[in-house]
Amino acid sequence: MNRELKRVSALVLVMFFALFGSTTVIQAVQADALRLDPRNTRALYDSYDTERGPILAGSTVIAQSVPTGDEYVFQREYPQGQLYAPVTGYFSPTQGSAGIEQYMNDYLSGTSNSQFLDTINRIVAGQAPKGAAVEVSIDPAVQQAAFDALGDRQGAVVAIEPSTGRILAMVSTPTYDPNVLASHDSQAVISAFGALEDDPLKPLSNRASSGNMNPPGSSFKVVVAAAAVASGKYTADSTFPNPVSLQLPGSSATVYNWNRLSCGPGETVTLAEAIRLSCNVPLAQLGMELGDDAIRETAEKFGFNSRMTLPMPAGISVYPKNLDDAQTGLTAFGQYEVRATPLQMALVSAGIANEGTVMQPTLVDRVTGRNLEVLKSFEPQVMNDAVTSETAASVTDMMLDSVASGQSNGARIEGVDVAGKTGTAQNGEDEPYSLWFTGFAPAKNPEVAVAVVVENDGNLGRHSSGNIVAAPIAKKVLEAVLNR
Amino acid sequence: MMTENSRTRATAAVRGRIVEVPASQEDFKADTAVIRTMRKLRLPLKLRNRELTLLMFACAINSVAILLVQLGALGTVDLDLIYLGAGLSALVFGLHICLRYVAPQADPLLLPIATVLNGLGVAMIYRVDLATGASGWSAASTRQITWSAIAVLAAIAIIVLIKNHRVLFRYTYLFGAFAFVLLLLPLVPGIGREVSGARVWIGIGDLVSFQPGEIAKIALAIFFAGYLVRTRDSLSMVGKKFLGMQFPRLRDLGPIIVVWALSMAIIVFQHDMGTALLFFGLFTVMLYVSTGRLSWILIGFALFGVGAFFASQTLTYVHGRFQNWLDAFSTQVYDAQGGSYQLVQGIFGLAHGGLIGTGLGQGRPHLTPLSQSDYIMASLGEELGLAGLFAILGLYLLFVSRGIRIGFRGQDDFGKLLAVGLAFTIALQVFIMVGGVTRVIPLTGLTTPFLAAGGSSLVANWIIVALLLRVSDSIRTGPTQEVPS
């Protein structure tokens with residue numbers, strides 16, 4: 001019987017090891033992810049017990065907890081709520097949370113693993129629990145400039161420091177006031193939340209990093225030009241035939257340039273000229289010669305088709321797969337099924353600006369504990385070496401020309417070399433345009449890369465364009481960085 | 001081992017003295033009689049004293065747990081519950097004193113482990129009561145303490161009344177029939193009660209409700225042990241060899257088929273997968289231990305696998321349980337009626353606890369439904385953390401290993417088999433419940449032994465403690481009686 005008993009003992013051991021394993025997985029490995037689940041109300045309830053840490057942009061407080069004296073003890077307050085809503089998100093007693101409030105909740109609520117010793121100290125010392133402060137990379141002056149420049153238009157701005165990936169501005173309009181959702185009057189919160197959700201303009205969606213995905217239009221030509229030069233088969237001086245229109249192969253679609261004219265006077269046109277004048281016909285030819293695989297490869301190195309976390313997850317920008325020639329031709333000027341967030345287009349410019357190296361975008365600089373000790377700091381991280389520095393320099397020259405004397409001149413700043421590219425993307429036959437600008441400045445030692453999208457024609461109707469609407473907004477953002 | 005050695009040493013010392021002091025025959029007789037008595041007195045004292053020390057430690061842990069719950073959740077100390085707890089401790093010490101007289105050689109670890117588990121369960125149930133504002137008789141903790149008292153009294157009665165576990169062997173088939181009747185009771189109209197879909201309760205009016213299945217598991221363990229000791233020769237000796245394993249004859253498959261059919265009937269008619277799995281697992285393991293044929297385990301697994309598969313395909317509630325298990329976090333399953341909401345809330349609770357837990361009285365275990373019964377481990381995990389759960393699982397493991405140890409050391413096959421069976425029910429029940437809560441297996445409605453709120457389960461598990469104590473006593477006393485004087 002003893003042999004059998006040994007085996008039964010082994011079976012019991014296996015059963016218990018399974019339990020040791022499963023509890024470890026839940027309580028140690030997956031615990032952080034489970035705390036972030038929006039259905040997990042525990043973290044939320046905890047927040048009422050603790051003085052939730054503030055969110056800071058530089059020395060500006062953009063979210064903080066103030067004592068209330070009622071049963072909830074603390075009330076979350078957003079001093080410039082509408083301006084910073086895309087960054088802070090909201091923290092609501094009944095409707096969950098979003099943004100930094102959601103994705104840095106562990107630190108803000110004081111429950112992260114790096115606050116473990118702090119927690120023990122606190123228990124021993126009998127202090128009241130207090131969350132850590134999250135310092136974001138946003139520059140209040142740039143954020144304000146972007147917000148003012150967008151005005152009452154529907155759109156978004158993202159500004160990035162090219163050498164680090166730090167996000168300096170993240171604006172999305174129309175916006176909302178997170179203070180309304182942080183109220184302790186749960187009925188008021190529920191109705192306010194319902195109204196925001198039902199609003200056709202979708203103020204709760206962050207257009208800067210996800211939200212509506214717009215076709216990038218001609219601003220995508222920067223990616224195609226980079227792919228062309230990177231292939232080694234093309235330079236800025238490569239020439240293309242210059243007809244007024246182009247019948248796409250195997251399709252009834254005909255491509256015209258934006259002004260329904262040929263691209264400049266010549267029989268042929270160079271790549272640089274096509275970018276400067278933002279012509280579609282030569283780009284469609286280039287795209288078809290280059291092939292969708294080459295374009296996709298470069299686009300993906302800039303971040304298309306991949307998931308990014310800021311730490312909130314960004315929407316995935318798309319360069320489509322399995323394209324025929326006609327579809328490839330359309331994607332070469334950012335139409336067909338190409339979709340991009342302003343964050344993505346800012347990363348394209350940031351990559352070109354940073355000599356071809358795309359840095360991981362991030363919103364958070366550091367997290368500091370109650371005694372101002374740094375709990376976590378974010379070091380710049382390379383996301384991809386998208387193109388070589390030579391290729392980047394060549395594309396920069398094309399973008400410089402485009403702003404200096406071409407179709408993107410709305411972003412011109414006296415005395416500064418601004419590189420950029422506009423886009424006026426079609427959303428369908430009678431749909432309003434999505435207006436774009438992406439670029440960076442100064443061309444030497446770039447300090448900032450920016451992307452602007454304005455939806456719904458910028459409220460100007462059919463005569464709007466990226467250059468009329470988006471480029472001037474980008475200009476104000478660039479100036480805000482250069483003047484600081 | 002230690003006691004074995006000391007026993008030898010004691011004998012040597014006695015012999016030494018005999019040589020040293022030549023004495024008359026009368027003196028010699030008197031001397032050995034005295035020494036025998038002394039030996040009897042001294043050895044048990046050692047085990048029981050060890051038990052007493054551990055027991056005081058267990059009660060200290062329990063009191064501290066309740067105090068921490070009060071400080072954490074109330075901010076003050078409420079002495080009422082402390083008095084109740086002290087009363088319960090007194091009963092446990094009463095059991096200890098009984099053991100000194102009626103089972104002096106019983107295992108010294110079983111009682112302290114059961115006490116600390118029971119106490120932690122009470123503390124956590126009380127903690128949830130504080131959060132939900134339940135008090136008096138509507139508070140589960142008050143009822144749990146009362147049931148604990150009844151359970152310990154039942155254990156005392158068993159240990160005092162059953163002087164020798166071999167008595168149970170005589171009534172093997174009576175216990176079988178008793179278990180069968182107990183299992184059928186909830187199906188009897190009028191006294192059967194259905195609670196959250198499972199028909200496993202009986203009740204008279206609103207007064208008392210009881211889960212007879214809990215007691216049935218003990219009766220079944222006794223029955224299986226007695227039956228298998230009688231029949232194992234035919235179950236293990238004959239049969240065809242296949243794949244290097246001896247497979248039983250077709251007609252010897254009878255018993256396992258009957259138990260399998262019984263388990264399936266429980267699944268189909270009482271909607272209670274956990275109990276079915278418990279009984280079937282218990283029988284299969286006891287069958288294996290008694291016959292030494294690995295093929296029984298294979299046959300058992302195959303039968304239960306087939307049954308569970310068909311049940312999951314044809315019975316909606318079983319299908320639902322499987323879906324909740326496999327796809328717990330999908331919105332659809334989470335939001336469904338009878339979906340994974342409870343399970344996921346329990347997991348959120350565990351995650352909330354993390355490594356060291358929120359501290360007693362400082363978590364939010366009450367957010368999980370059934371946080372005092374099915375999800376008691378999630379509640380404990382939330383407030384005591386992974387560290388606390390490891391400690392609790394370690395206590396269970398120790399408890400079970402003491403039971404299996406009786407199997408190794410036992411004098412008679414019936415006692416060995418019974419002890420292993422009883423210990424294994426505890427192990428299997430812990431596995432089914434904790435595994436269910438942590439998504440190792442689909443969650444089924446059993447009780448977590450000693451911890452979960454529920455009177456029937458407490459009484460049954462304390463009876464198991466009493467039986468294990470009784471069987472373990474016979475091991476320790478066994479050789480001493482046979483040593484020639």
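Student: In residues 478–485 of chain B, pLDDT stays under 50; how many contacts beyond four places in sequence does the model have for them?

Tutor: This is a predicted model, in which local features need pLDDT of at least 70, side-chain atom pairs count only at pLDDT 80 or more, and totals for chains, interfaces and linings use all residues. Residues are numbered from 1 along each chain as its sequence is written, while chains are lettered from A and ligands numbered from 1 in the order in which they are written. pLDDT is the predictor's confidence in each residue, from 0 to 100, and a contact requires C-beta atoms, placed from the backbone, within 7 Å. For residues 478–485 of chain B, the contacts beyond four places in sequence number three.

Student: What share of the 485 residues in chain B is buried?

Tutor: A residue is buried if 20 or more other C-beta atoms lie within 10 Å of its own, exposed if 12 or fewer, and partly exposed in between, with C-beta atoms placed from the backbone. Chain B has 17 helices and five strands, where helices (H or I, at least four residues) and strands (E, at least two) are DSSP runs numbered from the N terminus. Its buried share is 49%.

Student: Which helix of chain B gives the most residues to the side that touches chain A?

Tutor: In the complex, to which the predictor gives an ipTM of 0.87 and a pTM of 0.63, 38 residues of chain B are in contact with 29 residues of chain A. On the chain B side, α10 (273–291), α14 (341–353), α15 (376–409) and α16 each supply at least two residues. The helix that gives the most, with 11 residues, is α15(B).

Student: Which residues have the most contacts inside the largest nonpolar core?

Tutor: A nonpolar core is a set of buried Ala, Val, Leu, Ile, Met, Phe, Trp, Tyr and Cys residues joined through C-beta atoms within 7 Å. The largest has 140 residues, and its largest share, 17 residues, comes from helix α16 (residues 413–437) of chain B. Beyond four places in sequence, one of these residues touches B:Leu220, B:Ala221, B:Phe224, B:Gly421, B:Phe424, B:Thr425 and B:Leu428. The residues with the most contacts inside the core are B:Leu282 and B:Leu468.

Student: What is the strand order of the open sheet of five strands in chain A?

Tutor: Two strands pair if DSSP finds at least two bridges between them. Strand β15 (residues 419–425) is joined to β16 (residues 434–441) of chain A by seven antiparallel bridges, and β5 (residues 155–160) pairs with β17 (residues 448–454) of chain A in the antiparallel sense over six bridges. The pairing in the sheet is antiparallel and the order in chain A is β6-β5-β17-β16-β15.

Student: Which are the edge strands of this five-stranded sheet?

Tutor: The order of the sheet in chain A is β6-β5-β17-β16-β15. An edge strand pairs on one side only, and here the edge strands of chain A are β6 (167–173) and β15.

Student: Are the residues of β15(A) buried or exposed?

Tutor: In a regular strand the side chains alternate between the two faces of the sheet. A:Ala419, A:Lys421, A:Gly423 and A:Ala425 point one way from β15(A), and A:Gly420, A:Thr422 and A:Thr424 the other way. On both sides, these residues of β15(A) are buried.

Student: With which residues is A:Leu400 in contact, leaving aside its neighbours within four places in sequence?

Tutor: A:Leu400 lies in helix α17 (residues 389–405) of chain A and is buried, because 20 other C-beta atoms are within 10 Å. Its C-alpha atom is 9.9 Å from that of A:Pro442, 42 residues away along the chain. Its contacts beyond four places are A:Asp417, A:Ala419 and A:Ala443.

How values were computed. Contact = placed C-beta atoms within 7 Å.
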